[in-house]
Amino acid sequence: MRLLPAFFASLLVLLVPAHADPSIDAGFRSFLQTEIWPEAEARGVSRTVFDRAFQGVAPNLELPDLQLPGASETVEQINFQAEFKNGSDYLSKRALGTTVRTGRELLARHAALLERIEERYGVPAPIIIAIWGRESAFGNAAIPHNAFEVLGTKAWLSRRKQMFRTELLAALEIAENGDRPVNVMRSSWAGALGQPQFMPSKFLQYAVDFDGDGKRDIWNSVPDTLASIANYLKEHGWQTGRDWGFEAEIPMSVSCTTEGPDQGRPISTFVTDGVSRVSGRPFPDREIGETGHVMMPAGRMGPMFLATPNFYVLKAYNNSDLYALFVGHAADRMLGSGTFSTGWKEPDSLTRGDVAKLQSKLVALGHDVGGVDGLAGFKTRRSIGKVEREFGLAETCWPSRRLVEALD
Ligand SMILES: [Ca+2]
């Protein structure tokens, strides 16, 4: 029976939301007043908008990546136990199927609007629609949080305070501009706004009013949402009239270590070196003299591509090869293309921790892996290829048990 009081006490702790702690609340209010308000005021935010933004807002201590007051220093959390994966789940038939099916319907429904957007920004409609699908399920995904709760908490307690402070100030500016009433500005848990999932600073730079009501409403307006996505890509250098890339047969004589946005050369020279499209069709005439890049999201252990610079513009939206590939491929499929010709080979059974350890060893050997994170981005992939060559192994540019053992 002696245990009971302790049990009830712990239950009480669970029932009382963490933010009900008056010292936490007072700390948050004081942070807003002394640190955020002066900067907001300097940017032209009125006291009325500022007060309304934080009315009834308490810090949300459930958000990830927070460093709570008094807690010891935390480091970035990588789940080292997680299974190391290739792109087969991310680009699964199911994930693509939904995006492609609904995407086709929406292409038809918004055809006239998309034509005007394409004319203005030079970005193909299926690319815009695929991003819309990926970011917010075409506006159907719930956008669960109050942006000021998320950004305020993160500016105060996150490991990346400075970044979120900038974003919080940008969100206040959006409210001051009147694009969105301050009490209904919704974001993801990471602070990304509306249907295109723009961080507030990106909103200020790239969101546009396309339906002409004077407000940039990426929460409710389809024209504003789609045109904002197109404008973002245009401003990041989308090359009108060019494709994003092509699935390709790439012979071993074109090394997987030549992958990457910094190793482009004319597509015609790849053709001379034996690279061809998997469809058996030639590369389009308009592409042949232009720059292409080897892109192998699973090294030689999956489908391979000749990407155009537009692929890297898609990565400017979300810095992941698989994201950009999903968008480009879904867009192609909306226009009637088939699935990839080459499947994803099952990777060796490795954890993200194994891959992180492998990356550390590559770094020790003087190679650039683009950050030890247990993921195989293009810098890690091509460094693996170089080390495989040094060790007399076949070049795969993909983490393997064999390479892990060779480096042990
Ligand atoms: Ca508008």
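I looked up Phe 138 and found it in the loop between H6 and E1. The model I am reading is a predicted one. Phe 138 has a positive phi of about 60°, although it is not a glycine. Is Phe 138 buried or exposed? I noted a relative accessible area of 10% for Phe 138, so it counts as buried.

I then turned to Ala 137, which is found in the loop between helix H6 (125-136) and strand E1 (145-146). Ala 137 is not a glycine either, and I read a positive phi of about 50° for it.

**Helices H7 and H8**

I went on to a helix pair. Two packed helices are described by the angle between their axes and the distance between the axes. For helix H7 (residues 147-157) and helix H8 (residues 161-177) I noted an angle of about 145° and axes 7 Å apart. The crossing of H7 and H8 is left-handed.

Which residues of H7 meet H8? I listed Phe 148, Leu 151, Gly 152, Lys 154, Ala 155, Trp 156 and Leu 157 on the H7 side. On the H8 side I listed Lys 161, Phe 164, Arg 165, Glu 167, Leu 168, Ala 171, Leu 172 and Ala 175. Sorted by class, the contact of H7 with H8 has 10 nonpolar, 1 polar and 4 charged residues.

**The calcium ion**

Next I looked up the calcium ion. I found it coordinated by Asp 209 (OD), Asp 211 (OD), Asp 213 (OD), Lys 215 (O), Asp 224 (OD) and Asp 224 (OD), at 2.2 to 3.0 Å. Why is the arrangement irregular? The 6 donor atoms subtend angles of 46 to 161° around the calcium ion, and this makes the arrangement irregular. I wrote down the sequence spacing of the donor residues as D-x1-D-x1-D-x1-K-x8-D.

Asp 213 lies in the loop between helix H9 (200-206) and helix H10 (222-235), while Asp 224 lies in helix H10, so the pair ties together parts that are 11 residues apart in sequence. Asp 213 is partly exposed, with a relative accessible area of 47%. Asp 224 has 0% relative accessibility and counts as buried.

**Thr 308**

I located Thr 308 in the loop between strand E8 (305-307) and helix H13 (309-317). Its relative accessible area is 0%, so I marked Thr 308 as buried. What does Thr 308 touch, not counting residues up to four places away in sequence? I found Arg 242, Asp 243, Trp 244, Gly 245, Phe 246, Glu 287, Thr 291 and His 293.

**Val 404**

I found Val 404 in helix H17 (residues 401-407). Val 404 is buried, with a relative accessible area of 15%. Leaving out residues up to four places away in sequence, I noted that Val 404 touches Leu 350 and Leu 358. I also looked at Asp 354, which is 50 residues from Val 404 along the chain; their C-alpha atoms are separated by 7.9 Å.

**The chain as a whole**

I finished with the totals. The secondary structure of the chain comes to 17 helices and 8 strands. Along its principal axes, the C-alpha trace spans about 70 × 60 × 40 Å. I noted that 49% of the 408 residues count as buried. Among the contacts with a separation of 6 or more, 69% are between residues 24 or more positions apart.

Terms used. Residues numbered from 1 in each chain as written. Predicted model: local features only at pLDDT ≥ 70, side-chain atom pairs only at ≥ 80, totals over all residues. Heavy atoms only, no water. Donors = N, O, S within 2.8 Å, 3.2 Å for Na, K, Ca; no water. Tetrahedral: all angles 85-135°; square planar, octahedral: opposite > 155°, others 65-115°. Helix = DSSP H or I, 4+ residues; strand = E, 2+ residues; numbered from the N terminus. Buried < 20%, exposed > 50% of the residue type's maximum accessible area, 1.4 Å probe, protein only. Axes fitted to C-alpha atoms, helices over the stretch in contact; angles between N-to-C directions. Left-handed = near helix turned anticlockwise from the far one by under 90°. Contact = heavy atoms within 4.5 Å. Nonpolar A, V, L, I, M, F, W, Y, C, P; charged D, E, K, R; others polar.
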